[in-house]
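Trainee: I would like to go through this entry feature by feature. Please give the general idea each time, then the case at hand.

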Amino acid sequence: MLRVTQTKNSLLDGASIEEELYTTPQDGKNFFENLDKPAKEPTKLEPRNTFIRAGVLTTVRGSAYMEYGNTKVLAIVAPPKELIRASARRMNMGVLNCYVNFAAFATGDLESVPERERHLGSMLTKAMEPVVCRTEFLNFQLDIRVLILDDDGCLLSTAINCCGVALVECGISTYDLITASTACIYRDHVFLNPSAKVEELLLKHRGNANISNPSSVQEHGLITTASMDTFEQIAQCQQCGYLTPDTYVKLLDYTLAINKSLRQLVRGVLTKRVKEQHELDLRDKAESALEDQRLGEIIDKLKTQGLDEFIQTNIKEDPYVKRQ
Amino acid sequence: MAYVALSEAEKTYILHGVEDDFRCDGRSRRDYRPMELETGLVSNASGSARLRLANTDILVGVKTEIDVPNPLTPEFGKLEFFVDCSANATPEFEGRGGSDLAQELVLSLQNAYESPLAFDYRTLCLIPGQQCWKLYIDILILECGGNLHDAVSLAAKAALFNTKLPRVTATLLDAGITDLIISDNPYDCTRIGIETVPLLVTVCKIGDYSLVDPSAEEEVCSTVSVVVSVSMRNGAPYLSGTHLTGGGAMHRDTMRNCLQLGLSIGEHLDKLLIKMLKQEQERVGPKRPQIVGFLK
């Protein structure tokens with residue numbers, strides 16, 4: 001990682017005494033040179049290696065765990081509860097709240113965590129609002145909590161995917177399946193599903209080597225798109241950086257293509273989960289049928305033996321009470 | 001957004017107006033409501049602006065402070081946005097009611113101003129790696145009449161234009177420490193370039209049509225809006241941050257059309273704003289405009 005830790009010297013009035021005062025544009029350039037770079041224009045539009053599992057926690061009704069490459073995210077959806085705030089009650093729709101938390105070990109850069117949590121939470125709420133049938137739980141609020149276990153880029157899109165699965169697992173009605181992905185452009189290279197290193201270079205260093213030449217504009221920017229593909233709807237499309245409209249549409253199309261293939265995966269995971277649940281239900285049913293049968297036998301016995309005899313045969317001696 | 005109670009009949013009326021390209025207040029879908037803009041009316045701030053867009057009333061003050069730059073970006077100054085939703089605007093903002101909306105506005109502004117191409121952070125640099133200006137942009141929402149994103153960004157840009165940074169000279173002391181001397185003369189100041197500073201344009205979708213500058217009533221009728229941040233550089237529009245808001249979804253082609261509309265409106269708006277600001281600045285001497293403030 002490209003990071004500078006400054007040791008402040010209070011005697012020197014806060015001035016730094018480190019040799020390496022700060023990163024220079026050259027540092028950023030070297031760091032970029034050392035990265036694994038894909039071809040300038042992507043050839044394959046596909047997601048990273050993905051693992052999704054619904055229903056990982058037994059304590060809440062809807063939960064999902066997702067690994068997107070090295071990014072690991074856990075989402076929890078609790079059943080809707082009544083609204084506390086009276087002012088939000090006047091809207092004729094349910095209220096959706098998303099909270100994002102970083103695990104203490106998720107990221108090396110602890111300083112910016114509260115701000116990122118707030119930003120991600122707000123963007124996640126905006127992305128999930130279109131997909132949930134909010135008219136169905138009037139005067140109720142739905143809380144979605146996301147825990148980030150490991151951060152290797154694409155946090156927002158992974159969180160959206162994971163929440164989409166958790167919502168279905170919880171049995172909340174949704175209009176469609178939602179999938180999301182990220183693409184970014186930096187120094188004319190298009191990165192699909194950018195890693196944490198690329199995102200850091202893009203957002204924290206803010207491409208500071210780019211502006212040395214004011215006449216030419218070097219675009220840089222990141223797009224996160226969430227889509228619902230049955231009717232090709234875009235639920236959220238968040239962009240930051242500096243892009244021409246043409247590049248914007250190009251990146252948008254890349255992310256939409258990745259969303260399509262992710263959708264197949266999510267769908268597969270959910271159908272498998274439903275089958276699994278069906279089998280569990282069948283087993284439960286068989287067990288309860290067995291129990292019914294046992295009880296039926298006892299009742300039959302009771303009928304044939306008569307009450308007194310039945311009680312006598314079923315009395316077990318209490319070892320602590322001496323028989324009179 | 002602020003809540004307005006509308007019946008189904010009223011909503012239908014607004015919807016039909018939008019379909020016929022003749023809105024309730026007589027505008028077409030591409031028109032803005034009348035604006036009043038005044039700069040330099042807060043004497044305690046380095047720069048200030050007040051914008052009234054029909055019923056929406058915004059007051060922006062810019063304060064300056066000297067800070068240490070981030071080691072990752074030694075040549076850059078800092079910006080910090082703060083939005084306060086006054087309870088005067090709507091009763092809903094009482095207590096902590098306005099904090100969600102305030103946070104949304106702060107995040108959109110931060111996102112739009114983040115790129116060094118959108119705002120030249122180098123003009124805020126004093127000594128690279130050691131001292132820089134930090135600007136606090138405090139935004140006060142006095143009245144809520146719809147279209148807050150646009151109004152806030154316009155007022156912020158005007159306030160930045162009005163901001164006067166005092167000239168600073170540095171002397172080198174022992175052990176490599178620098179001492180800053182800030183000029184006493186209030187007219188000895190530097191300005192901030194605002195050519196590329198982005199404007200936010202909200203493109204609102206009502207029924208099958210998209211329109212700009214929705215009033216509070218029209219916002220209630222809309223399903224989804226795109227907030228497009230337009231930054232002009234070398235005469236060409238660039239996107240410096242967009243997102244969808246309003247709890248709906250849209251098709252890719254609709255989105256493209258909305259972007260196009262937002263970009264062309266933003267370009268026009270930017271040109272007009274800069275023209276008006278320059279005009280106000282050039283009126284000196286006896287022609288100097290009187291500060292009107294909130295008295296009409």
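Trainee: Where in chain B is the place of B:D21?

Mentor: Some conventions come with the answer. Residues are numbered from 1 along each chain as its sequence is written, and chains are lettered from A and ligands numbered from 1 in the order in which they are written. This is a predicted model, in which local features need pLDDT of at least 70, side-chain atom pairs count only at pLDDT 80 or more, and totals for chains, interfaces and linings use all residues. Helices (H or I, at least four residues) and strands (E, at least two) are DSSP runs, numbered from the N terminus. B:D21 sits in the loop between α1 (8–19) and β1 (35–39) of chain B. Its phi is positive, about 60°, although B:D21 is not a glycine.

Trainee: Is B:D21 buried, exposed or partly exposed?

Mentor: A residue is buried if 20 or more other C-beta atoms lie within 10 Å of its own, exposed if 12 or fewer, and partly exposed in between, with C-beta atoms placed from the backbone. B:D21 has 13 other C-beta atoms within 10 Å, so it is partly exposed.

Trainee: What is the phi of A:N139, and where is A:N139 found?

Mentor: The phi of A:N139 is near 65°, again a positive value in a residue other than glycine. A:N139 is in the loop between α2 (113–128) and β6 (140–150) of chain A. With 15 other C-beta atoms within 10 Å, A:N139 is partly exposed.

Trainee: How do B:T169 and B:T163 count, buried or exposed?

Mentor: B:T169 belongs to strand β8 (residues 168–172) of chain B. It has 10 C-beta neighbours inside 10 Å and therefore counts as exposed. B:T163 lies in the loop between α3 (148–162) and β7 (165–166) of chain B. B:T163 counts as buried because it has 26 C-beta neighbours inside 10 Å.

Trainee: Which residues does B:T163 touch?

Mentor: Two residues are in contact if their C-beta atoms, placed from the backbone, lie within 7 Å. Not counting residues up to four places away in sequence, B:T163 touches B:S46, B:G47, B:V62 and B:I192.

Trainee: What does UniProt list for chain B?

Mentor: UniProt positions are given in the numbering used here, feature names are shortened, and annotations may be inferred rather than shown by experiment. The unreviewed UniProt entry lists "domain: Exoribonuclease phosphorolytic" at residues 32–166 and 197–264 of chain B. Over residues 32–166 the chain is 22% helix and 37% strand, with the end C-alpha atoms 36 Å apart. Over residues 197–264 it is 28% helix and 50% strand, and the end C-alpha atoms are 16 Å apart.

Trainee: How many helices and strands does chain A have?

Mentor: Chain A has six helices and 10 strands. Of its 324 residues, 37% count as buried. Among contacts in chain A between residues at least 6 apart in sequence, 70% join residues at least 24 apart.

Trainee: Which residues touch the most other members of the largest nonpolar core?

Mentor: In soluble globular proteins, nonpolar side chains tend to be buried together. A nonpolar core is a set of buried Ala, Val, Leu, Ile, Met, Phe, Trp, Tyr and Cys residues joined through C-beta atoms within 7 Å. The largest one here has 151 residues, and A:A75, A:L124, A:V146, A:A159, A:C163 and B:A155 touch the most other members. Helix α3 (residues 155–170) of chain A gives the most to this core, with 11 residues. The contacts of A:A75 include A:V146, A:A159 and A:C163.

Trainee: At what angle do α2(A) and α3(A) pack?

Mentor: Axes are lines fitted to C-alpha atoms, for helices over the stretch in contact, and angles run from 0 to 180 degrees between N-to-C directions. α2(A) and α3(A) pack at about 45°, with their axes 10 Å apart.

Trainee: How do α3(A) and α5(A) pack?

Mentor: α3(A) and helix α5 (residues 245–305) of chain A pack at an angle of about 30°, their axes being 11 Å apart. The two helices are therefore roughly parallel to each other. The residues that meet include A:V165 and A:V168 in α3(A), and A:V266 and A:V269 in α5(A).

Conventions
Parallel < 35°, antiparallel > 145°, perpendicular 65-115°, else oblique.
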